[in-house]
Amino acid sequence: MDYEKYLELNKEEMIFALQEVVRINSEEGEKIIGKGGEVYPFGSGVQEALEKVLALGESMGFAVKNVDNYGGHIDFTGKTDRIMGIIGHLDVVPAGSGWDFEPYGGEVSDGKIYGRGTSDDKGPVISCLYAMKALKDAGYEPECTIRLIIGLDEETHWKGINYYFEHEPKPDFGFTPDADFPVINGEKGMLIFDFAKKFGASQTQAKGLKLRTLKGGTAPNSVADSCRAVLRSDEDGAYEKIKELVTAYREETDYKLNVKGVGKSLEITVTGVAAHGAKPEKGLNAISIMMDFLGRLNFVNEDHNEFIEFYNKYIGFCLDGSQIGVNCSDEPSGKLVFNVGMADIDAEAGKLTINIRYPVTKDGEEILSKLVAVLDRYDMGLIRSEHKEPIYMDMEEPMVKLLLEIYRKHTGDLQSQPLVIGGGTYARSAKNVIAYGALFPGDPDLMHQKNECISVERLIQMTKIYAEAIYKLASGEYNN
């Protein structure tokens, strides 16, 4: 079947469609009630992106469904009642700062489309949709229904996909285009939680150095690329001494710290390097830098000193949890990954938002119990937010072998092997679903980072891969 001809014919249309979707700021927002009483659970931007993509699918002649604005799907109806699912998402992490291009501009430069979501996950979703269109244009009649399922809060709490699957059947098998090629056969377990401590008397009347506020990071699953602390002192010469310490620390470490007076206070800002929380080694955590520096100061409130001391002793710049005693590893998936995504400290309390990715053969509850044992010594609490169990599919499973074969055919890459990743994808939301692409081996990973982009060449290549994968999976070459 000559569907590649239609991929080529639709190429410019696909690029334009992706640009239009990227131009929608679909960072998750507060729930909105429309004029007619309709509920937009994830805010206006996410809603606009959903409506845009559903309308695009409908214009191609596919059946579409909006499931109460919590998600939706686009159907290429097959001959049987089996469903081959493609599960993607349209929400994005916050754009952050430091971009060379408008984060929501969809600008094309040097053969690349720039913007938040181009690689995670709007680009792959549009790619799969146009792969479906090419197959339809070529006259393909699938055995089972091909269903492109659209999630809306994958980057946060998964309320949308959970609601969707409470009202719609789960696919019998399929993939999510939200990770890496050649194919992902496992995902580490994921824990998101807060370390929290209430402080005692703020000692506002005592003389000396006070930590008024500290805030860093924007999301649990991102390496914090900025952190800001505001200090206050009524002692003569205190600010000049701190400025000297900042200068010395900057020269010693080459980290990016700035300090300036703001009214009667002193502001310290740190710039780190953003990265996906599953790969914190690719970034530099601004919160860890700030805590390391603040550990050289002495605050009036001993609770602040103790909280900072705890951070530097048990977390610091350690990315495998070894400092706090939860490091572990296994053969299929490697080491545990420990990321501090956010920090929030004031006179009353301190909170650290932590994201752990643990190996597929380990027990998340055991990891949490080890953490609690350490926290108890500091009278700190652990507040759970999310726990996603690990998933794993053997490399000899037919779907893993089929998807790997298709990838190799289109790339000539015979060396890359199936991967177990630390990232959490919608593959966890249904059985017999694994992640497949869309980041190619060796390409820079700009997901959750500034200047996120996708090359036009890679967009076309992945669409060819997805088209063949959809064709073979929906034709019955994979039977579960």
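A residue counts as buried when its relative accessible area is under 20%, as exposed when over 50%, and as partly exposed in between, using a 1.4 Å probe and protein chains only. Helices (H or I, at least four residues) and strands (E, at least two) are DSSP runs, numbered from the N terminus. With those terms in hand, let's start the tour.

You are looking at a predicted model, in which local features need pLDDT of at least 70 and side-chain atom pairs count only at pLDDT 80 or more, while totals for chains, interfaces and linings use all residues. Residues are numbered from 1 along each chain as its sequence is written, and side-chain values use heavy atoms, with hydrogens and water left out.

**Stop 1: strand β19**

Select residues 337-345. Seven of the nine residues in this strand, β19, are buried, so the rest of the structure largely encloses β19. Strand β20 (residues 349-358) runs antiparallel to β19 and is joined to it by eight bridges. Ala343, for example, has Leu352 of β20 as its bridge partner. Three residues sit between β19 and β20, and the two strands form a hairpin. Next, show strand β13 (residues 209-216): three bridges join β13 to β19, again antiparallel. Here Lys215 is bridged to Asp344 of β19.

**Stop 2: a three-stranded sheet**

Select β22, β11 and β23. In that order they make an open sheet with mixed pairing. Which strands stand at the edges? They are β22 (391-392) and β23 (419-421): each has a single partner strand, so one side of each lacks a neighbour in the sheet. Strand β11 (residues 184-187) is antiparallel to β22, with two bridges between them; look for Glu187, whose partner in β22 is Ile391.

**Stop 3: two helices crossing**

Now select helix α10 (residues 398-411) and helix α11 (residues 456-474). Their axes come within 10 Å and cross at roughly 145° (axes are lines fitted to C-alpha atoms over the stretch in contact, and angles run from 0 to 180 degrees between N-to-C directions). Contact means heavy atoms within 4.5 Å. Show side chains to find the residues involved, including Leu402, Ile406 and Tyr407 of α10 and Ile465, Glu468 and Leu473 of α11.

**Stop 4: aromatic pairs**

Rings of Phe, Tyr and Trp (its six-membered ring) pair if their centres lie within 6.5 Å; planes under 30 degrees apart count as stacked, over 60 as edge-to-face and the rest as tilted. The whole structure has 25 aromatic pairs. Select Tyr70 and Tyr163: they are stacked, 4.0 Å centre to centre with 20° between the planes. Tyr70 is in the loop between β3 (63-66) and β4 (72-76), and Tyr163 is in helix α5 (residues 159-167), so this pair ties together parts 93 residues apart in sequence. Tyr70 is partly exposed, at 21% relative accessible area.

Then try Trp158 and Tyr426, an edge-to-face pair at 4.9 Å centre to centre and 65° between the planes. The two are 268 residues apart, in the loop between β8 and α5 and the loop between β23 and β24 (433-435). Both Trp158 and Tyr426 are buried.

**Stop 5: Arg147**

Finally, select Arg147 in strand β8 (residues 145-151). Is Arg147 buried or exposed? With 9% relative accessibility, Arg147 is buried. Beyond neighbours within four places in sequence, its contacts include His73, Asp75, Tyr164 and Glu168.

Notes
Pairing = 2+ DSSP bridges.
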